[in-house]
Amino acid sequence: MMISGFQAILQARAPGAGSNLRQKVSPADLGADSLFNQRVLTSSRWCVVVIRKCVTQVSGSTNTLQPTYRKRVPARLCFMGLNDLNTFYKTENPILDPELADVCREFVKAGALKGNNPADVVQSCDITFTCVADSTAVRDIMFGNMGVLDGISKGKCYVEMSTVDEETVQDVADAIMVRGGAFLEAPVCGSRVPALEGQLLILASGDRKLFDDCYSCFEAMGKKSFYLGNEVGTATRMKLIHNMILGNMVASLAEGMALADKVGIDLEDFSEVLSLGSLSCRTINHKSQAIMNGRFDPHFPLQHQQKDLRLVLGLGDSVEQPLHLAAAANELYKKARRMGYGEGDVAAVFKAANEFGAGELAEPSAQDLAK
């Protein structure tokens with residue numbers, strides 16, 4: 001099970017439930033709400049978890065994280081992350097019973113409560129974090145009926161961790177601040193494994209006080225958080241440029257391995273050369289292995305990479321900066337999506353680079369995507 005960008009922090013559930021994070025605050029500090037009080041909401045686009053107190057230490061770490069407490073008010077933190085519901089269940093119900101969803105069942109067992117809608121959940125929180133798939137999802141959860149905005153009032157805080165276009169981020173920020181709330185954008189760099197290990201990079205801009213209030217939570221989710229200034233949009237620009245370079249790199253790797261395959265070079269040998277030479281890095285090593293083994297289970301879904309390339313091309317247009325490599329890479333990812341690999345890992349762009357003639361547009365099997 002994965003909720004994009006949040007697996008590590010979502011596993012900070014009731015102690016003893018196989019969590020990666022553990023609570024170090026004494027019951028006296030927590031008052032009557034000892035340990036974790038959680039609340040979950042599932043719908044067609046999100047899962048919501050509320051944790052009354054921030055975790056204070058990452059398991060296995062020597063660094064103790066001091067919890068962030070808001071003066072006079074217990075810090076109640078709400079996390080909203082994207083579900084790929086096709087992975088868990090199929091339903092047409094707009095609001096689902098959490099007991100029916102595997103992703104929520106563990107939280108319910110740990111004492112979670114059901115929220116009726118995003119507004120209901122946000123009203124019970126001081127700080128709300130969201131991380132969803134795209135601009136449409138962000139706008140739906142924010143501006144939809146009984147959405148986040150309906151729960152925002154003076155003093156409420158909102159942290160947007162999705163990777164979307166700058167215009168959407170600004171619209172959300174304006175809407176939050178008009179209602180007296182505080183806003184911080186904080187997109188993350190990292191895929192499934194860094195999220196599980198609490199090793200994400202967090203890029204933040206916006207309200208500085210809110211960044212400070214969120215610091216211990218960011219420390220639980222990531223290895224480092226960067227505050228890039230108070231201008232909304234700065235963190236989004238940084239994240240899109242970062243993912244542009246990532247997309248270019250993986251596309252180039254895919255073309256290189258496709259060429260190596262065509263000219264008779266053993267891909268295992270080629271992958272080992274890459275891992276030992278000057279090109280060696282985590283991305284090259286992991287993605288070359290995925291390509292060599294034909295394993296495209298989604299650590300970073302290809303459709304999300306193509307979405308980020310589309311957004312960064314728009315960013316380049318806005319300042320008349322040519323992005324020739326990104327434009328070419330985007331076409332390769334679009335081709336892979338047409339071939340049916342959008343839900344597979346970004347490494348599946350190899351399938352588009354490695355031409356197979358008339359059968360190249362054949363729909364991949366579930367085994368191709370998940371094996």
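Visitor: Why does M249 count as partly exposed?

Guide: M249 has 31% relative accessibility. Buried means under 20% relative accessible area, exposed over 50%, and partly exposed in between (1.4 Å probe, protein chains only). At 31%, M249 therefore counts as partly exposed. This is a predicted model, in which local features need pLDDT of at least 70, side-chain atom pairs count only at pLDDT 80 or more, and totals for chains, interfaces and linings use all residues. Residues are numbered from 1 along each chain as its sequence is written, and side-chain values use heavy atoms, with hydrogens and water left out.

Visitor: Where does M249 lie?

Guide: M249 is in helix α12, residues 234-262. Helices here are DSSP runs of H or I with at least four residues, strands are runs of E with at least two, and both are numbered from the N terminus.

Visitor: What makes the nonpolar surface patch?

Guide: I241, I245 and M249 make this patch, which covers about 240 Å². Patch residues have over 30% relative accessible area and no salt bridge; nonpolar side chains (Val, Leu, Ile, Met, Phe, Trp, Tyr) are joined within 5 Å, like charges within 9 Å. The areas come from the Shrake-Rupley method with a 1.4 Å probe, and for residues only the protein chains shown count as cover. M249, at 31%, is over the 30% cut-off.

Visitor: Which residues form the negative surface patch?

Guide: They are D266, E268, D269 and E272. Asp and Glu count as negative, and Lys and Arg as positive, while His and the chain ends are not counted. Each charge is placed at CG of Asp, CD of Glu, NZ of Lys or CZ of Arg. D269 sits in helix α13, residues 267-276, and its relative accessible area of 46% makes D269 partly exposed.

Visitor: What makes F129 count as buried?

Guide: Its relative accessibility is 0%, so F129 counts as buried. F129 belongs to strand β8, residues 127-131. F129 and L184 are 55 residues apart in sequence, with their C-alpha atoms 9.4 Å apart in space.

Visitor: Is S135 buried or exposed?

Guide: S135 is buried, because its relative accessible area is 17%. S135 is found in helix α6, residues 135-143.

Visitor: What does the side chain of S135 make with the side chain of D165?

Guide: The two side chains make a polar contact at 2.4 Å. That term needs a pair of N or O atoms within 3.5 Å; within protein, one must be able to donate a hydrogen and the other to accept it, and residues adjacent in sequence count only if both atoms are side-chain atoms.

Visitor: How many salt bridges are found in the whole structure?

Guide: The search finds nine. A salt bridge is a side-chain nitrogen of Lys or Arg within 4 Å of a carboxyl oxygen of Asp or Glu. D171 and R139 form one, with the closest N and O atoms 2.8 Å apart. This pair links distant parts of the chain, 32 residues apart: D171 is in helix α8 (residues 166-178) and R139 in helix α6.

Visitor: Why are R208 and D212 separated by about one helical turn?

Guide: They are four residues apart in helix α10, residues 208-213, so about one helical turn separates them. R208 and D212 form a salt bridge, with closest N and O atoms 3.2 Å apart.

Visitor: What do the side chains of R237 and E231 meet in?

Guide: They meet in a salt bridge, 3.5 Å from N to O. Salt bridges with shared partners join E166, E231 and R237 into one network.
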